[in-house]
Amino acid sequence: MLRYRKLKVSFSLLCLQAICGLAAPCKVAMAEPAQTTAPFEVTGQITYREKVALPAQSVALVTLRDITVANAASTVITEQRIVLTGRQVPIAFRLTVDRSKLQPQRKYAVRGTIIGADEQFLWTTMDIHVVDQSKPSVAIGTLTMSRVSGEAADPQERLKTGEWIIVKLNGVDVPKGARASLKFGASAVLSGRSFCNSFSGTYALAGQSLSLSPKATTLMACAPDVANLEKQLMEMLADVQRFEMSEFGTLTLRTSDLRSITASRP
């Protein structure tokens, strides 16, 4: 009887191994829970020191930007635009962004600005407020803005002050070592460098509308890749219809078909 029972147990074990796979442990498949990634969030408030009220039609604009590359136009990752309708500082903000848009090796910062009804900058943060995107969320506290006044507040005057270095053509970075520039001088005189040659011409400005007429150019021989960049730039300049000025001081020229030329200060 004992021998019969041993044989029965051995036979049962062999059957179990046959079901689960010979010489392999029998595993039970378990459904894994769905993986979710919480968005990255930055909270805080913006204010200023002056004891003056904000104009009724002011707008607060808070942005999270990629500032990895120094002396280059930064990229907006997300923004919150708050129509104030009589509200006064401090103004609370909450920025939320999908973590897939953030890269561990890059550097991100928050900028706060208040813009008037005529699109002039009234106050803006001057310091760089870097955030740590490795954290679930960041409470950045109070960002104190400085008042923007005089020529710096007027987009037209800012456009005509100093030289602009072109950093992107239609969203594509200008190659390292290539250089192009624009200068909007007095008496509507336009001048600049188009990667290889220099050019001059005129411009017409009315509000945010802008048209350019590049005319005379030098006739230097250019390498093929530089010549292609120059041709693209000159074609786009001739088709510019309007300009935009960001709170970070970046200039964007837009053509009739919405192509863009992005420039920043040297």
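Reader: What is the mean pLDDT of the chain?

Author: The mean is 83, and 82% of the residues reach 70 or more, where pLDDT is the predictor's confidence in each residue, from 0 to 100. Over residues 1-16 the pLDDT is below 50, and this stretch has 0 contacts (heavy atoms within 4.5 Å) beyond near neighbours in sequence. Where pLDDT is low, the predicted coordinates should not be read in detail.

Reader: Why is glutamine 133 called buried?

Author: Buried means under 20% relative accessible area, exposed over 50%, and partly exposed in between (1.4 Å probe, protein chains only). Glutamine 133 has 12% relative accessibility and therefore counts as buried. Leaving aside neighbours within four places in sequence, its contacts include Phe40, Arg99 and Tyr108. Its side chain also reaches the backbone oxygen of glutamine 103 at 3.1 Å.

Reader: What makes a set of residues a nonpolar core?

Author: Its members are buried Ala, Val, Leu, Ile, Met, Phe, Trp, Tyr and Cys residues joined through side-chain atoms within 4.5 Å. The largest such core has 26 residues, among which Phe184 and Leu253 touch the most other members. A second, separate core of 25 residues includes Leu54, Ile82, Trp123 and Leu143.

Technical notes: Residues numbered from 1 in each chain as written. Predicted model: local features only at pLDDT ≥ 70, side-chain atom pairs only at ≥ 80, totals over all residues. Heavy atoms only, no water. Polar contact = N/O pair within 3.5 Å; in protein donor to acceptor, adjacent residues only side chain to side chain.
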